[in-house]
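Work through the exercises below with the sequence and the 3D view at hand. Each task is followed by a solution in steps.

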Amino acid sequence: MFVTVASYKGGVGKTTTAVHLAAYLQTLSSTLLIDGDPNRSATAWGRRGGFPFQTVDEKEGAYQARNFQHIVIDTEARPGSADFEALAKGCDLLVIPTVPASLDTDALILTLQAARKLAPNKYRVLMTKVPPPPETDGPQLRAVLLREEIPVFTAEIPRLKSFERAAAEGVPVYGVQHDPRAKRAWEAYQAAGKEMTDG
């Protein structure tokens with residue numbers, strides 16, 4: 001399976017999503033994470049600790065991809081429309097992480113309406129950093145996405161400090177020690193990964 005993770009805004013958990021979808025896919029078969037972000041955030045994360053999958057940059061990824069069952073690409077932040085079209089056409093699924101923030105919703109909808117024309121049936125929104133009840137930003141964004149008939153994961157990623165700890169320790173979130181919420185954090189990405197592979 002070839003998965004691309006792309007985002008039009010910073011701070012939405014793009015690299016976190018790429019890392020954890022790769023970690024999930026690795027539980028199924030050999031997985032390669034291609035770090036296409038110029039900041040090399042995923043590469044730096046893995047160097048601090050260790051990932052259960054291999055990570056390479058986009059140049060090496062072109063040669064390595066044939067040796068793996070699953071490929072996940074962490075893309076450059078804020079791709080242009082031409083880049084987005086190329087990313088969408090070249091993968092099995094384009095995952096677009098987004099945070100529930102009312103100020104961002106209108107821009108997101110416009111972007112995704114364009115995506116629908118470029119890559120129908122090949123993209124899906126993953127809601128990340130979803131605040132807990134009684135905050136209503138998550139349900140409100142989901143309602144907007146569904147109203148606009150934008151494909152969205154049923155699974156959503158909660159706003160938890162466990163992910164920051166995982167990045168600091170250089171491991172997927174399930175490897176974070178002494179954090180009772182890490183299990184919940186990993187289960188959220190497992191649920192998203194299962195949706196992704198089950199179609």
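**Exercise 1. Find what share of the chain's contacts with a separation of 6 or more comes from residues 24 or more positions apart, and describe the order of the elements.**

Solution. Step 1: in this predicted model, residues 24 or more positions apart account for 75% of the contacts with a separation of 6 or more. Step 2: count the elements; there are eight helices and six strands. Step 3: read them from the N terminus, which gives β-α-β-α-β-α-β-α-β-α-β-α-α-α. Step 4: of the 199 residues in the chain, 50% count as buried.

**Exercise 2. Place F2 in the chain and list its contacts.**

Solution. Step 1: F2 belongs to strand 1, residues 2-5. Step 2: beyond its neighbours within four places in sequence, F2 is in contact with I71, I73, G90, C91, D92 and L93. Step 3: take one of these partners, L93; F2 and L93 are 91 residues apart along the chain, yet their C-alpha atoms are separated by 6.8 Å.

**Exercise 3. Describe the largest pocket and its lining.**

Solution. Step 1: the space in the largest pocket is about 440 Å³. Step 2: its lining has 25 residues, and those nearest the centre are V12, G13, K14, T16 and K129. Step 3: helix 1 (14-26), helix 2 (41-48) and helix 7 (162-169) are the elements that give two or more residues to this lining. Step 4: sorted by kind, the lining residues are nine nonpolar, nine polar and seven charged.

**Exercise 4. Is K14 buried or exposed, and which side chains does K14 meet in polar contacts?**

Solution. Step 1: K14 sits in helix 1. Step 2: its relative accessible area is 8%, under the 20% limit, so K14 is buried. Step 3: the K14 side chain makes a polar contact of 2.7 Å with the side chain of D74 and one of 3.3 Å with that of D37. Step 4: leaving aside neighbours within four places in sequence, the residues in contact with K14 also include V5, A6, S7 and P97.

**Exercise 5. Which residues touch the most other members of the largest nonpolar core?**

Solution. Step 1: this core holds 35 residues, and L33, V72, V95, V173 and M196 touch the most other members. Step 2: at least two core residues come from each of strand 1, helix 1, helix 2, strand 5 (93-98), helix 7 and helix 8 (182-198). Step 3: a second, separate core has 15 residues, among them I96, L112, V130 and V152. Step 4: for M196, not counting residues up to four places away in sequence, the residues touched are M1, V3, L21, L25, L93, V95, R124 and F153.

**Exercise 6. Locate the cis peptide bond and describe the positive phi values of E149 and H178.**

Solution. Step 1: recall that most residues other than glycine have a negative phi, and most peptide bonds are trans. Step 2: P133 and P134 are joined by a cis peptide bond with omega about 10°, and P134 lies in the loop between strand 6 (123-127) and helix 6 (137-147). Step 3: E149, in the loop between helix 6 and helix 7, has phi near 60°. Step 4: H178, in the loop between helix 7 and helix 8, has phi near 55°. Step 5: E149 is exposed at 64% relative accessible area, and H178 is exposed at 81%.

Methods: Residues are numbered from 1 along each chain as its sequence is written. This is a predicted model: local features need pLDDT of at least 70, side-chain atom pairs count only at pLDDT 80 or more; totals for chains, interfaces and linings use all residues. Side-chain values use heavy atoms; hydrogens and water are left out. On a 1 Å grid over the protein atoms alone, a cavity is a set of points where a 1.4 Å probe fits but cannot get out, and a pocket is an open set with protein on both sides within 12 Å along at least five of seven lines; lining residues have an atom within 4 Å of a point. Grid points are joined across faces, edges and corners, and a volume is the space filled by probe spheres set on the points. Helices (H or I, at least four residues) and strands (E, at least two) are DSSP runs, numbered from the N terminus. Ala, Val, Leu, Ile, Met, Phe, Trp, Tyr, Cys and Pro count as nonpolar, Asp, Glu, Lys and Arg as charged, and the others, Gly among them, as polar. Buried means under 20% relative accessible area, exposed over 50%, partly exposed in between (1.4 Å probe, protein chains only). A polar contact is a pair of N or O atoms within 3.5 Å; within protein, one must be able to donate a hydrogen and the other to accept it, and residues adjacent in sequence count only if both atoms are side-chain atoms. Contact means heavy atoms within 4.5 Å. A nonpolar core is a set of buried Ala, Val, Leu, Ile, Met, Phe, Trp, Tyr and Cys residues joined through side-chain atoms within 4.5 Å.
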